[in-house]
Amino acid sequence: MTTPTTLTEYAHLVLTTSDAIQKSEITKKAVKEWQEGKIKEVGNTPPVDDPARPSSVVILPPNKMPKRGAGTPANRLAMLHSLVHIENSAIDLSWDIIIRYVRYDMPKEFYDDFVQIAGEEAKHFTLLNNRMKDLGASYGDLPAHEGLWESAKDTAGCLYARLAIEHMVHEARGLDITPNTIEKFKAGGDKETALLLAAILQEEVTHVSAGLKWFKYLCSLSSPPREPIKYFIETVRKYFHGLLKPPFNTDLRTTAGMSSDWYLPLTTPPASSSADSSSSSSS
């Protein structure tokens, strides 16, 4: 294996590594080398169509995934397996945003932020994967879905859309639902997993902040500048399938920089759609 000499070469290596633990360890090495200045160039390695996945992980369509609650140890383990898969996917998403949008000529601080996020996702994967092993299970024991990566493919042609959908919709949704997940593990007597998720949640707030920061930055570069909230709403309506669903964790969203003006309008159809629907039903 040739040692990467640019950031995008590291991104390509991570994305083409199927073993999830190796993927995580390569990420940690890349983060260290970038932050220490050993890797200085972003590079221009082409992106990959799809990330490599462990052969042991059976991928199902999201609507074919088994429905599980959280009331039994088996169901909580299934929930933990799902979280491990999400963190593995999040590693790939962090590197994909680095390798895919080089043409936007983003400043070094953009790469600093997403390298940091990649490192945190690798840490989250390691923590949750080790916890799952402690409970007698392995990544791949249960099926998983690629809903997050499908969203990434849908937004592959537009950095605005990638930031909006992956970081300001999906990751912000994580801020909404993770506290309830923590309570489910506590109620089941698994305080150790609950503590891990609580620590992870605090770092996920900064991932939403990064998406917001760079979305607003891109808006400021447009000629004329775009109004960020208005353009975010337009972008989400174009690329996200469906409406945003409450309840929202307003405290954590506000901490991340997202006031309700960003997301409450997306809980209802646009006015024209509502009008069209009313017209159709009355005719």
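Visitor: How many helices and strands are in the protein chain, and what pattern does the chain follow?

Guide: The protein chain has 11 helices and 0 strands, where helices (H or I, at least four residues) and strands (E, at least two) are DSSP runs numbered from the N terminus. This is a predicted model, in which local features need pLDDT of at least 70 and side-chain atom pairs count only at pLDDT 80 or more, while totals for chains, interfaces and linings use all residues. Residues are numbered from 1 along each chain as its sequence is written, and side-chain values use heavy atoms, with hydrogens and water left out. Along the sequence, the pattern is α-α-α-α-α-α-α-α-α-α-α.

Visitor: What is the radius of gyration of the protein chain?

Guide: The C-alpha trace spans about 60 × 50 × 30 Å along its principal axes. For 283 residues the globule rule (2.2 Å times the number of residues to the power 0.38) gives 19 Å, and the chain is as compact as a globular protein of that length, because its own radius of gyration, taken over C-alpha atoms, is close to that at 19 Å.

Visitor: How is helix 2 oriented relative to helix 3?

Guide: The axes of helix 2 (residues 20-35) and helix 3 (residues 73-100), lines fitted to C-alpha atoms over the stretch in contact, come within 10 Å and cross at roughly 40°, on a scale from 0 to 180 degrees between N-to-C directions. Angles under 35 degrees count as roughly parallel, over 145 as roughly antiparallel, 65 to 115 as roughly perpendicular and the rest as oblique, which makes helix 2, relative to helix 3, oblique.

Visitor: How are helix 6 and helix 7 oriented to each other?

Guide: The axes of helix 6 (residues 159-187) and helix 7 (residues 191-221) come within 9 Å and cross at roughly 160°. The two helices are therefore roughly antiparallel.

Visitor: Is Asp105, with its positive phi, buried or exposed?

Guide: Asp105 sits in the loop between helix 3 and helix 4 (108-134) and has a positive phi of about 50° although it is not a glycine. With buried meaning under 20% relative accessible area, exposed over 50% and partly exposed in between (1.4 Å probe, protein chains only), the 66% of Asp105 makes the residue exposed.
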